[in-house]
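Please keep the structure in view while reading.

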Amino acid sequence: FFFSSRRRHTRCSGVSWARRCVQETENNSVTVKNLPQGISQDELFRLFSIYGNIVKIKMFKKDASKALIEFQDAIQAKLAEVYLNFCPIQGKQIIVNMFSDDKEKLNDKPVSDQIVRDYSDKAEWRYKIPGSKNFKNVVKPTNILHI
């Protein structure tokens, strides 16, 4: 007898997968480490806004290789973590993780060792309509990424 094992392929979009992953947390921020020298907040905004609406970006003066990015919601932050972790940018692989430190928040007023930029102006957001079809088609970047 010939037995064939048929694998059933199901397509699971990144958004539905991210929803399942963030059910236990309401954290809507990611930390980005190993940034190339001289990268600007606007360049980070262009890269990360593909995965969700960015509210604020905080960069540190003492350690310019780190940034903290706050998204509109936790699902968008999780998508950015999944798709951009170890993504090569200007010769360096960035490390993206969900933000877990409750002590540090993204405040409107910058402290002396950090620069905070507010992107809550909805004119710059890609996903203005909740549940947009465009949001469901988000994928990992290609090998060559131009910022």
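Two strands pair if DSSP finds at least two bridges between them; strands (E, at least two residues) and helices (H or I, at least four residues) are DSSP runs, numbered from the N terminus. This is a predicted model, in which local features need pLDDT of at least 70, side-chain atom pairs count only at pLDDT 80 or more, and totals for chains, interfaces and linings use all residues. Residues are numbered from 1 along each chain as its sequence is written, and side-chain values use heavy atoms, with hydrogens and water left out.

Strand β2 (residues 54-60) pairs with β3 in the antiparallel sense, over five bridges. Six residues separate β2 and β3 in the hairpin that they form, and M59 has A67 of β3 as its bridge partner. Strand β1 (residues 29-33) also pairs with β3 in the antiparallel sense, here over four bridges; T31 is bridged to L68 of β3.

Strand β3 itself spans residues 67-71, and five of its five residues are buried, meaning under 20% relative accessible area with a 1.4 Å probe, protein chains only. A67, I69 and F71 point one way from β3, while L68 and E70 point the other way. Residues on both sides are buried.

Helix α3 (residues 74-84) contains E81. E81 counts as buried because its relative accessibility is 14%. Its side chain makes a polar contact of 2.8 Å with the side chain of K78; such a contact is a pair of N or O atoms within 3.5 Å, and within protein one must be able to donate a hydrogen and the other to accept it, with residues adjacent in sequence counting only if both atoms are side-chain atoms. Leaving aside residues up to four places away in sequence, E81 touches V30, V96, N97 and M98, where contact means heavy atoms within 4.5 Å.

Key:
Buried < 20%, exposed > 50% of the residue type's maximum accessible area, 1.4 Å probe, protein only.
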